[in-house]
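The sequence and structure come first.

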2 protein chains.
Amino acid sequence: MTPAAPEPETLSPDELRDAWPALSAEERAEGLKLLPRDTAEDLFFSISPREQVELILALPQAEQRSWVRGLAPDDAADLVQEAPTEFRDRLLGMLDDQTRREVQALLAYREDHAGGLMNPRFARLRPDMTVDEAVTYLRRQTRQSVEMTHYAYVLDSAQRLLGVVSFRELIAARGDRRVSELMKTDVRTVDADADQEVVARLFRETGLMAIPVVDAEKRMKGVVTVDDIVEVVSEEATEDIQKLGGSESLGEPYLTIALNRMIRKRAGWLAALFLGEMLTATAMGYFEHEIDRAVVLALFVPLIISSGGNSGSQATSLVIRAMALGELRLRDWFRVIRREFGAGLALGSILGAIGLTRILLWQAFFNTYGEHYLLVGLTVASSLIGVVTFGTLAGSLLPFLLRRLGFDPASASAPFVATLVDVTGLIIYFTTASAILRGTLL
Amino acid sequence: MTPAAPEPETLSPDELRDAWPALSAEERAEGLKLLPRDTAEDLFFSISPREQVELILALPQAEQRSWVRGLAPDDAADLVQEAPTEFRDRLLGMLDDQTRREVQALLAYREDHAGGLMNPRFARLRPDMTVDEAVTYLRRQTRQSVEMTHYAYVLDSAQRLLGVVSFRELIAARGDRRVSELMKTDVRTVDADADQEVVARLFRETGLMAIPVVDAEKRMKGVVTVDDIVEVVSEEATEDIQKLGGSESLGEPYLTIALNRMIRKRAGWLAALFLGEMLTATAMGYFEHEIDRAVVLALFVPLIISSGGNSGSQATSLVIRAMALGELRLRDWFRVIRREFGAGLALGSILGAIGLTRILLWQAFFNTYGEHYLLVGLTVASSLIGVVTFGTLAGSLLPFLLRRLGFDPASASAPFVATLVDVTGLIIYFTTASAILRGTLL
């Protein structure tokens, strides 16, 4: 009925993992059945929620429940969120009562907020317990929980967080000491509605393995662990890179996204940029008379505008990444202008010097540019300084403008900046040409 | 002597953290002194090794040792690696004997390999210990170690890894059970010389908190923890984004890198791209005669070449990211060609249709393009299909080519692809024009 998995008799976990991206959901389900159950579960837990859903839908109905039940509440919530709407209730119905309640609570949070990342199951202790009591108590808790971090959180009767103690510290401590003496009280927390980028930055800055999530009344609701953050950091970077490249973020692996869905995600921006780029035809039309009189000017159009585009791409990539890392904030815009103005002038002068040298050399060897070659060279060189400086400034400030207006700064993609700079670059170039060449070529 | 830190009287840790990027090393050292020692240490441990070095060099010599001694061996090794050569021996001399030996062993590994990321201190157990014996033994070990993960590793007498057991499992288990019964034997490990990208991928795929590092004889040498990997994943993405933007990776925060160093990192690629882009002037010169006869052709040059550049930027960003995530391997090149050929044709047709519509509309309203407007429109539309398809293919295949030749695929930056496509785009455009317009405009 389904296509056979590759060489089913000899399948090792590593072979399956290698072949994974190329397999259909049915083949993956077949493959999993050939592995020992615990190895298969390790693999199942490690794949993305989207892949988990596809896999479960490809399994016979009788086997679905046992896989869903193996998931921790936060992972089960991700699974439900990724599932087609009509399938969600059936998935929820497969969970035991406690987990279902926890999952439903988690589904109230946005997936990209701390509340949507957290695990609501964590080890709780009271401050007045002794270490021995705490260990006995934790032994009971660990048997109930599917997943638990390496810390126990000390809460008061209103579920407010008093401190944290690691299992390691409990092991190392004398049995008659109080939890309140052991615990670290200076605990960094995040709000349940903190954006995942903020959470990721906190992990990066602190090097912590787990951060507790609290609500507005400072009651502890769950814990985010650093292994979830690796995924987040990687996904955010993927989104930024795809947007910087001038496309919507795909949201799915390159090889498995349906071709028509990928084309739709790419066509939107490309068409929008194309519409913007049409202004270059208008601008060129405006200077048609100049081109007609001095065709030599047309020769340098691609060189000039692409230099502006390249310097803009550089600047926007650097600034967008620095923003994502939290190195740059909105209020730093003026410092960025100052830096980029200096950088733009320097880079433009370097390119201008190279361009002038090229024109002088070609003139000397091939006599390419006619009697006014020196003026043409000066036009190209000064235009380059202007265009590169403008490109650098535009590329670095556009992300600030977008963020200020509430958009994602990464939408200031390299192609977006290049398009913006192309039109302006043409105007700078032909205006410079008019000024320098009036009375000679023009 | 040093400039005063901002409002020293009222400094809170958060204020210092906020102001941090803008402060000089001297101001940071001043700021740290105003915090309670443990808060100051938390901050010190969380900053980058480069900042730690600057900070230590800004402290009075008598205070330096106590900060250096607080570092775990892997962090101390990073510190020594970042320090100026003449300062390294003095830093090593500040460590206690055991740590110094461990740091020297770590310095033998490359910083971006698993061996350079690992912590050589980890909790060791023997398989025949009971849980009670293990806990007693671990109590002794934890008191000696500065940093330890949440797992204990079970080794045989030759230091080969037999299994792993978490502190949590030890707490949950009965005291008379054997470690060998509790331990998980199916442990994922990495080789000491595995690249950090490979290590990061393994963490992403498995969701583990720590992975043991082994040498060629399978002896366990240390452990890499996921909190170090968050940094690695973030740094790798930063490098890729900066390279994709057409610059060398800065290796330092945007705001603190010296302006002349930043300009040098950006000028190299920009100048190289400029030299490549000069071929457009040569190509345009080759078609000067055509432009002279039909200036209308020049009007669409920026539109055509930028469309090729934009579609190339898209494709190269998508492919480079998919490669970094391990979704695409070298052997997938043919599948990528097939996908991108389809995508390129579709995207080119969309842009071609928009371009043709634009020309017909302008012609109807402004009579811009003369009697042969339909042929001009066809030239532009067919060139767009050709240029976008070529841009898409070039952008997606260049990363494969670079990787095959042993370069970083991320060097196939958006500007690099755009430059490549610009020259080819001109040739495609003017060749198409010659074919369609011969006998009419040309």
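## Domains of chain A

Chain A is assigned domain 1 (8–117), domain 2 (123–244) and domain 3 (259–437); such bounds come from an automatic or database domain assignment. This is a predicted model, in which local features need pLDDT of at least 70, side-chain atom pairs count only at pLDDT 80 or more, and totals for chains, interfaces and linings use all residues. Residues are numbered from 1 along each chain as its sequence is written, while chains are lettered from A and ligands numbered from 1 in the order in which they are written.

Taken over C-alpha atoms, the centres of domain 1 and domain 2 of chain A are 25 Å apart. Seven residues of domain 1 of chain A are in contact with 14 residues of domain 2 of chain A (contact: C-beta atoms, placed from the backbone, within 7 Å). The domain 1 side of this contact in chain A has four nonpolar, two polar and one charged residues. Ala, Val, Leu, Ile, Met, Phe, Trp, Tyr, Cys and Pro count as nonpolar, Asp, Glu, Lys and Arg as charged, and the others, Gly among them, as polar.

## Contact between the chains

Between the chains, 102 residues of chain A are in contact with 101 residues of chain B. Helix α18 (residues 301–324) of chain A gives the largest share of the chain A side, 17 residues. Helices are DSSP runs (H or I, at least four residues), as are strands (E, at least two), numbered from the N terminus. By class, the chain A side divides into 58 nonpolar, 25 polar and 19 charged residues.

## Helix packing

In chain B, the axes of helix α18 (residues 301–324) and helix α20 (residues 373–404) come within 7 Å and cross at roughly 30°. Axes are lines fitted to C-alpha atoms, for helices over the stretch in contact, with angles from 0 to 180 degrees between N-to-C directions. α18(B) and α20(B) are therefore roughly parallel to each other (under 35 degrees; over 145 is roughly antiparallel, 65 to 115 roughly perpendicular, the rest oblique).

In chain A, the axes of helix α15 (residues 259–286) and helix α21 (residues 414–437) come within 9 Å and cross at roughly 10°. This makes α15(A) roughly parallel to α21(A). Their contact has nine nonpolar, three polar and two charged residues.

## A strand residue in chain B

B:V223 lies in strand β6 (residues 220–225) of chain B. B:V223 counts as buried because 25 C-beta neighbours lie inside 10 Å (buried: 20 or more other C-beta atoms within 10 Å; exposed: 12 or fewer; partly exposed: in between; C-beta atoms placed from the backbone). B:D193 is 30 residues from B:V223 along the chain, and their C-alpha atoms are separated by 13 Å.

Note on methods: Contact = placed C-beta atoms within 7 Å.
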